[in-house]
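User: I have a model open and want to go through it briefly. Please take my questions one at a time.
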Amino acid sequence: MKNQQGFTLIELMIVVAIIGILAAVAIPQYQNYTKRAKLSEVMSLASGDKTKISEYYATRGEMPAENDTANSVTSPVQLTGDSDSEYATLTYTKSGADSASLVYTIKGVGTGANDKKITFEANAASSSATMNWSCSTTVSDSLKPQGCED
């Protein structure tokens, strides 16, 4: 009886084929996951910015006029043209005493959503200092961040 050592060529070919099939499925899923993670970072940055604006409104009774006007000790909002994220830039617009919008324009740093926008609209609730936020986006459905369903 002959002792077999190692693998036969057909066994190695089967293993290589299985690995190839798994890689063909896994790599696109991983790339999609990393894109969604980068867009989620933008959502995280927006959370802090929304809080600053809500606090400013609760304190002052109106929205901050523009990005730089709220940069003081008595004004808790400090918004700049570029956010801290390497994935998006921020534009703040006051649309009324009780409403404003934050628009994050996605940069193309691996997000797959270059020049797409995530927009947060703020409207103060009547007769209270509560802020209602809505979110809309031009990002494709497959990459749409959780919490920003139209």
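User: Are Cys135 and Cys148 buried or exposed?
Analyst: A note before starting: this is a predicted model. Buried means under 20% relative accessible area. Cys135 and Cys148 both count as buried.

User: How many disulfides does the structure hold, and which residues form a disulfide?
Analyst: The structure holds 1 disulfide. The sulfur atoms lie 1.8 Å apart, and the cut-off is 2.5 Å. The pair is Cys135 and Cys148.

User: What is the handedness of the disulfide of Cys135 and Cys148?
Analyst: The torsion about the S-S bond of Cys135 and Cys148 is about -85°, so this disulfide is left-handed.
The pair links distant parts of the chain, 13 residues apart: Cys148 sits in the segment after S4, and Cys135 in strand S4 (residues 131–137). To restate the handedness, it is left-handed.

User: Which element gives the most to the largest nonpolar core?
Analyst: The largest nonpolar core has 24 residues. Val42, Met63, Leu102, Tyr104, Ile118 and Phe120 have the most contacts inside it. Elements giving two or more residues to this core are S1 (88–96), S2 (99–106), S3 (117–124), S4 and H1. With 6 residues, the top contributor is H1.

User: What is the accessible area of the nonpolar surface patch that includes Leu9?
Analyst: Leu9 is found in helix H1 (residues 9–60). Leu9 is exposed, because its relative accessible area is 64%, and exposed means over 50%. Leu9 forms the patch with Ile10, Met13, Ile14, Ile18 and Leu22. Together their accessible area is about 650 Å².

Technical notes
Residues are numbered from 1 along each chain as its sequence is written. This is a predicted model: local features need pLDDT of at least 70, side-chain atom pairs count only at pLDDT 80 or more; totals for chains, interfaces and linings use all residues. Side-chain values use heavy atoms; hydrogens and water are left out. Helices (H or I, at least four residues) and strands (E, at least two) are DSSP runs, numbered from the N terminus. Buried means under 20% relative accessible area, exposed over 50%, partly exposed in between (1.4 Å probe, protein chains only). Patches are made of residues with over 30% relative accessible area and no salt bridge: like charges are joined within 9 Å, nonpolar side chains (Val, Leu, Ile, Met, Phe, Trp, Tyr) within 5 Å. Accessible areas come from the Shrake-Rupley method with a 1.4 Å probe; for residues, only the protein chains shown count as cover. A salt bridge is a side-chain nitrogen of Lys or Arg within 4 Å of a carboxyl oxygen of Asp or Glu. A nonpolar core is a set of buried Ala, Val, Leu, Ile, Met, Phe, Trp, Tyr and Cys residues joined through side-chain atoms within 4.5 Å.
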